[in-house]
Amino acid sequence: MFTGIVEELGEVVAVEELGDSSRFRLRGPLVTEGAKHGDSIAVNGVCLTVVDTADGEFTADVMAETLKRSSLGALSAGSRVNLERPMALGGRLGGHLVQGHVDGTGTIVERVPGEHWEIVRIALPAPLARYVVDKGSITVDGVSLTVVEAGDDWFTISLIPTTLALTTLGVKQVGEPVNLEVDVLAKYVERLLGKPSAGESVTEGAVA
């Protein structure tokens, strides 16, 4: 479980193609402190399992389902990524409950700079739109954010200077994809009420 509070702006060191899957090597000196085989680290909001670590870097295998459902397949050596370790039991919940199970990808369609912030409009798949509400929570590339306004197939977020400076959202351009994870509580409520599901989420532990 994560909180969507990015700890470190990391970098993809190498991507090894393995048929229908890939092995990523990523640099993140902070998130690899004490990390070991089998631990989890969120990369742009996708929960990945650590294969090994060395010298501030870690490797993770990314299966076909994850590459299909997320934007990780577009990464290459030199790409910057948002990194977060799982929350510690008993710690403060700075963002909201984030599983690292990506529900789909969206596309940045507009960036409107303000005096001290920036409003970003993101298009999202129609099946996910019903989970997004004004002033609700959503995770974009692993960053816990509050929805400013929600439309039928889009939503807007307001990025403060800290988010712009310390995450990849500060440099993402119009037309680029982002990973989206909607609030899991909304999906549970929908299930309990007997509503149809919008589809399966990416669960790295299940497809890796």
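**A helix and a barrel**

What covers the buried residues of helix α4 includes strand β12, which spans residues 177-182. The model discussed here is a predicted one.

Helix α4 itself takes in residues 184-192, and within this stretch V184, K187 and E190 are buried. Buried here means that under 20% of the relative accessible area is left. The three residues cover an arc of only 120 degrees around the helix axis, so they sit on the same side of α4. The other side of the helix has Y188 and L192, which are exposed.

After α4 comes G194, and the phi angle of G194 is positive, near 80 degrees.

Now to the sheet. Strands of a sheet pair through backbone hydrogen bonds, and the pairing is either parallel or antiparallel. In this model, six strands form a closed barrel in the order β1-β2-β5-β4-β3-β6, and their pairing is antiparallel. On average, neighbouring strands of this sheet are turned by 45 degrees against each other, with direction ignored.

Strand β4 covers residues 46-54 and strand β5 covers residues 57-62; the two pair in the antiparallel sense over four bridges. Among the residues joined in this way is A54, whose bridge partner in β5 is E57.

How values were computed. Residues numbered from 1 in each chain as written. Predicted model: local features only at pLDDT ≥ 70, side-chain atom pairs only at ≥ 80, totals over all residues. Heavy atoms only, no water. Buried < 20%, exposed > 50% of the residue type's maximum accessible area, 1.4 Å probe, protein only. Arc of directions from axis to C-beta. Contact = heavy atoms within 4.5 Å. Pairing = 2+ DSSP bridges. Axes fitted to C-alpha atoms, helices over the stretch in contact; angles between N-to-C directions.
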